[in-house]
Amino acid sequence: MRHASGTSNGVDESFAWRVHAALVQVIDGLCEDAPVIVALDDAPWCDPESATLLQMIMRRPVPVPVLWIATEADDEPLPPTNALWREIERCAVPVELPPLSPDAVCGMLAEFSGEAEGWETLASAVHAVSHGVPGVVCAAIDELRATTGDDWQLLRTARPAVPRLHPRLRARVDALPELAREMLLVLSLVMERDELLSFDAWHAQPVLSLDALSHTHGISRLRVARTGSQLVEARLAVEHGGGFRCASPSVAAHLRATGSSVAADEFRRILGRTAYPAGVIPQP
């Protein structure tokens, strides 16, 4: 959606405005027959020029029935240079897709492959590592397909290991500084349960307080807050009620699987000696 601007290379400066006017006319014309839904995938990653154009288009046909839907990926932080998207975001109503059931994941695999039967085992494995989170389900399927191409039959018969995280998110977790990674590991250990939690149940879990994190890592509350804020900005943690929680069960599982077992055992021991579970702040 990027447009050219400026005259130094001979491009007419009015090009963007002609595109703007044409798009508004198209939307107005479509709305004469029925309401219109405009869906934009990964819209926050539009370049600044496109974000400006999009903002103007959204404001022009206000009286007409248009529903704008913009998807935002959870595995990548918003570029800090695209401040205009924040203005669009402030006027939006966030909608979080509910988790998919194992049967729904099975249906997705059947639809993508064109093969109606035989996906129960793979669907169960994908659901187990994704907790049914739609974006994580799609990322896991995409990564599996990258290893087999269009040979869906191979996916069904080979029973491949299902990746827990999208490669971009996994790379960012693995590249965390030592303190941030250790804090994220602690947040994942607090979420340990004997049973596999649903995505909704995960969001209802408590957060770990600054005092408990400060004691566990032997650092100041201020440093805990700063490090936690970095994890929140990277969408690896959630801040709520004066504490932090690991943002995703998939991230927590990855940390527990790839982190040092010795360090994890020591963190469990320290957490047991603190005011925990008094240091765990229940969610309202």
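This is a predicted model: local features need pLDDT of at least 70, side-chain atom pairs count only at pLDDT 80 or more; totals for chains, interfaces and linings use all residues.
Residues are numbered from 1 along each chain as its sequence is written, and side-chain values use heavy atoms, with hydrogens and water left out. Local features required a pLDDT of at least 70 and side-chain atom pairs a pLDDT of 80 or more, whereas totals for chains, interfaces and linings include all residues.

The chain contains 14 helices and six strands, assigned as DSSP runs (helices H or I, at least four residues; strands E, at least two) and numbered from the N terminus. Of its 284 residues, 40% are buried, that is, under 20% relative accessible area, with exposed meaning over 50% and partly exposed in between (1.4 Å probe, protein chains only). The accessible surface amounts to about 15,700 Å², and carbon and sulfur atoms account for 56% of this area, as computed by the Shrake-Rupley method with a 1.4 Å probe; for residues, only the protein chains shown count as cover. Among contacts (heavy atoms within 4.5 Å) between residues at least 6 apart in sequence, 73% join residues at least 24 apart.

The largest nonpolar core comprises 31 residues, of which L184, L187, L208, L213, L231, L236 and V251 touch the most other members. Such a core is a set of buried Ala, Val, Leu, Ile, Met, Phe, Trp, Tyr and Cys residues joined through side-chain atoms within 4.5 Å. At least two residues of this core are supplied by each of α8 (167-174), α9 (178-190), α11 (210-217), α12 (221-233), β5 (243-246), α13 (249-258) and α14 (261-273). Helix α9 provides the largest share, nine residues. Apart from neighbours within four places in sequence, V251 contacts L165, L169, V173, L184, L236 and C246. A second, separate core of 17 residues includes V105, C106, I141 and L144.

Residue F112 is located in helix α4 (residues 102-113) and counts as partly exposed because its relative accessibility is 41%. Beyond neighbours within four places in sequence, F112 is in contact with I141 and W152. F112 and W152 are 40 residues apart along the chain, and their C-alpha atoms are separated by 8.9 Å.

On the surface, I37, L67 and I69 form a nonpolar patch with about 290 Å² of accessible area together. Patches consist of residues with over 30% relative accessible area and no salt bridge, with like charges joined within 9 Å and nonpolar side chains (Val, Leu, Ile, Met, Phe, Trp, Tyr) within 5 Å; a salt bridge is a side-chain nitrogen of Lys or Arg within 4 Å of a carboxyl oxygen of Asp or Glu. L67 is partly exposed, at 47% relative accessible area.
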